[in-house]
Amino acid sequence: MSSVEEFRAEIRAWLADHLVGEFAELRGRGGPGREHEAFEGRLAWERHMAAHGWTCVGWPVEHGGRGASLEEQIAFHEEYALADAPARVNHIGEQLLGPTLIAFGTEEQKKRFLPPIVAVEELWCQGYSEPDAGSDLANVRTRGALSPDGSQWVVDGQKIWTSLAHEAQWCFVVARTEPGSRRHAGLSYLLVPLDRPGVEVRPIVQLTGTSEFNEVFFDGARTDASHVVGEPGDGWRIAMATLGFERGVSTLGQQVGFRREWDALAELARKNGAITDALIRDRLVQAWIDLEAMAASARRGIDPSVGKLHWAAWHRGLGELAMDVCGAASTVAAGEPYELDDWQRLFLFSRADTIYAGSDEIQKNIVAERLLGLPKEARV
């Protein structure tokens with residue numbers, strides 16, 4: 001048995017032994033559009049994982065991880081998804097900020113911030129998008145300036161679509177710290193606590209009726225001067241590196257979730273008779289073919305922007321197909337006042353798939369300009 005197979009067998013056995021009792025009730029809970037589900041239970045589960053050494057498996061051992069190889073990380077995320085284990089609550093800290101600090105942080109920052117991420121003691125959110133700077137991230141207006149004595153950064157501005165900010169204790173914020181600078185220049189990557197004066201978090205109600213992202217207002221919010229990752233003014237490079245980690249190996253477990261959704265939808269079509277419709281059958285088959293192609297591309301290490309375009313369009317299309325399989329029943333809420341079934345929630349939330357984590361339009365520009373070498377789009 002290879003080391004990867006041994007690693008896969010180890011995590012599979014551990015999940016089978018530990019997703020029991022109170023944790024068994026968490027199977028399948030949480031995830032995009034459902035982050036409100038059993039949050040405290042999922043937090044307890046993830047801390048249980050941490051106590052047994054199953055968080056941050058891809059991190060180097062010296063930073064609290066297992067030093068798992070790429071193939072072992074793939075095995076971990078696949079087995080986790082196959083076990084129908086609950087959606088992770090520490091994804092942003094573990095998969096985004098942690099690798100960023102390991103690559104660019106000071107030794108002091110690593111000692112301060114990495115252990116609480118491994119132990120799931122501090123949760124993080126991502127302060128990138130703003131009302132006038134969503135996909136146009138370089139247009140951020142949130143400002144950061146050093147206090148007169150140089151001991152703290154003082155942050156003023158607004159972030160939006162900040163996932164799980166209402167549950168997080170910290171936010172990594174892209175702020176303009178050089179007055180008069182434009183676009184990519186003059187930005188800094190600041191680590192800002194959310195539980196101090198000058199920070200207000202306002203949940204945003206989504207189409208699903210739930211609130212998993214937020215507006216975050218900074219009004220003289222303060223953080224230590226040492227809490228800048230990289231050099232001041234070099235925030236764009238650090239922010240882009242974080243986005244690369246965001247679309248990394250953890251997304252492979254997503255493929256397992258997609259397959260589970262397709263299987264359930266095909267079974268529903270058989271049960272309610274929708275499978276007798278030739279067009280429904282054709283769309284189900286095409287969705288299966290696209291899913292297989294997507295999984296194969298992910299394993300080959302396809303460019304993250306190409307992968308994002310593929311899975312976002314596929315998942316949104318699956319939500320549309322689900323509504324057609326459900327038929328007229330898809331238009332009626334499951335209960336008062338606005339209770340949705342799984343298929344309605346999938347349809348509504350997947351409308352955002354082509355927008356969040358980099359809109360389709362931005363991803364297409366990246367593919368055209370950076371991968372294909374086409375002329376850059378004219379910009380004012």
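**Aromatic and charged contacts**

Modeller: One aromatic cluster is formed by Phe-7, Trp-14, Phe-23, Trp-45, Trp-54, Phe-76 and Tyr-80. Please bear in mind that this is a predicted model.

Colleague: How many aromatic pairs does the count give?

Modeller: A pair of aromatic rings is described by the distance between the centres and the angle between the planes. In this structure the count comes to 17 aromatic pairs. Among them is the edge-to-face pair of Phe-7 and Trp-54, with 5.7 Å from centre to centre and 65° between the planes. This pair links distant parts of the chain, 47 residues apart: Phe-7 belongs to helix H1 (residues 3-18), and Trp-54 to the loop between helix H2 (39-51) and helix H3 (70-82). Phe-7 and Trp-54 are both buried.

Colleague: Is the pair of Phe-172 and Tyr-189 stacked or edge-to-face?

Modeller: Phe-172 and Tyr-189 are stacked, their centres 5.6 Å apart and their planes at 10°. Phe-172 lies in strand S4 (residues 170-176) and Tyr-189 in strand S5 (residues 187-193), so the pair ties together parts 17 residues apart in sequence. Both Phe-172 and Tyr-189 are buried.

Colleague: Which charged residue sits over the ring of Trp-54?

Modeller: The charged end of Arg-66 is placed over that ring, 3.6 Å from the centre of the Trp-54 ring. In another such contact, Lys-308 lies over the face of Trp-311, at 5.3 Å from the ring centre.

Colleague: How many salt bridges are found in the whole structure?

Modeller: Side chains of opposite charge can pair when their charged atoms come close. The search of the whole structure finds 21 salt bridges. One joins Glu-320 to Arg-351, with the closest N and O atoms 2.7 Å apart. Glu-320 is in helix H9 (residues 304-326) and Arg-351 in the loop between helix H10 (342-349) and helix H11 (360-371), so that distant parts of the chain, 31 residues apart, are linked. Glu-320 is partly exposed at 32% relative accessibility, and Arg-351 is partly exposed at 30%.

Colleague: Where do Asp-342 and Arg-345 lie?

Modeller: Both lie in helix H10, three residues apart, which is about one turn of the helix. Asp-342 counts as exposed at 52% relative accessibility, whereas Arg-345 counts as buried at 14%.

Colleague: Which residues are linked in a network of salt bridges?

Modeller: Such a network links Arg-8, Arg-12, Glu-78 and Glu-79.

Methods. Residues numbered from 1 in each chain as written. Predicted model: local features only at pLDDT ≥ 70, side-chain atom pairs only at ≥ 80, totals over all residues. Heavy atoms only, no water. Salt bridge = Lys/Arg side-chain N within 4 Å of Asp/Glu carboxyl O. Helix = DSSP H or I, 4+ residues; strand = E, 2+ residues; numbered from the N terminus. Buried < 20%, exposed > 50% of the residue type's maximum accessible area, 1.4 Å probe, protein only. Phe/Tyr/Trp six-rings, centres within 6.5 Å; stacked < 30°, edge-to-face > 60°. Lys NZ or Arg CZ within 6 Å of the ring centre and 35° of its normal.
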